[in-house]
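Subject: A structure for you to look at

Hello,

Here is the structure I promised to pass on. Please open it first, then read my notes below.

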Amino acid sequence: MSQAALDMTEAERADSFARLVAAIRGELAALDAEDAAAIEAATAEKTEALAAVQADVAAGQMDRPALEEARRLNAEAALRARAKMIGVERKLTAVTNAAAGMPPPGRVGALTYGRDGRWAGAR
């Protein structure tokens with residue numbers, strides 16, 4: 001543990017938990033805004049706050065309610081980030097398929113019943 005963590009006052013320790021919760025809320029807001037720079041900045045802030053909380057926990061200082069709230073918010077942020085990534089992946093696939101002249105994934109071209117009694121792709 002660093003000397004800085006040992007020198008922290010009780011109020012500063014409590015603030016590290018509050019800072020972590022605020023940082024995760026900031027990350028959620030950045031995800032909602034879909035601002036890449038804000039997401040990167042919020043994630044960096046969250047990482048710094050998490051390091052301070054880890055130092056506090058190692059020193060035996062723990063704010064259990066704030067830690068539980070941080071866990072809940074972080075799980076929500078992870079789910080939102082994953083949902084955003086899935087949406088981006090879908091859009092990229094659609095753009096790639098459109099550029100290649102292919103139908104969107106999961107959809108087939110229109111089918112018509114041909115004169116020979118078989119299904120044939122619409123032309």
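What share of the contacts in the protein with a separation of 6 or more comes from residues 24 or more positions apart? Such residues account for 60% of those contacts, where contact means heavy atoms within 4.5 Å.

First, some ground rules. This is a predicted model, in which local features need pLDDT of at least 70, side-chain atom pairs count only at pLDDT 80 or more, and totals for chains, interfaces and linings use all residues. Residues are numbered from 1 along each chain as its sequence is written, and side-chain values use heavy atoms, with hydrogens and water left out.

**Confidence**

pLDDT is the predictor's confidence in each residue, from 0 to 100. Its mean over the protein is 80, and 72% of the residues reach 70 or more. Helix 3 (residues 36-58) has the highest confidence, at a mean of 92, and helix 1 (residues 3-6) the lowest, at 44. Over residues 1-6 the pLDDT is below 50, and this stretch has seven contacts in the model beyond near neighbours in sequence. Where pLDDT is low, the predicted coordinates should not be read in detail.

**Overall layout**

The protein has four helices and two strands. Their order along the sequence is α-α-α-α-β-β. Both kinds of element are DSSP runs, numbered from the N terminus: helices are H or I with at least four residues, strands are E with at least two. Of the 123 residues, 21% are buried, meaning under 20% relative accessible area with a 1.4 Å probe, protein chains only.

**Helix 3**

Helix 3 has 23 residues. From first C-alpha to last it reaches 33 Å, close to the 33 Å expected at 1.5 Å a residue; the expected span is 1.5 Å times one less than the number of residues. Its buried residues include Ala42, Lys46, Ala49 and Val53. At its start, a side-chain oxygen of Asp35 comes to within 3.2 Å of the backbone nitrogen of Ala37. Just after helix 3, Gly60 takes a positive phi of about 90°.

**The core**

A nonpolar core is a set of buried Ala, Val, Leu, Ile, Met, Phe, Trp, Tyr and Cys residues joined through side-chain atoms within 4.5 Å. The largest one has 14 residues, and Phe17, Leu20, Ile24, Val53, Ala70 and Leu73 touch the most other members. Helix 2 (10-33), helix 3 and helix 4 (64-99) each give two or more residues to this core. Helix 2 gives the most, with seven. Look at Phe17: among the residues it touches are Val53, Val57, Met62 and Leu67.

Best wishes

Terms used: Buried means under 20% relative accessible area, exposed over 50%, partly exposed in between (1.4 Å probe, protein chains only). A polar contact is a pair of N or O atoms within 3.5 Å; within protein, one must be able to donate a hydrogen and the other to accept it, and residues adjacent in sequence count only if both atoms are side-chain atoms. Lists of a residue's contacts leave out its neighbours within four places in sequence.
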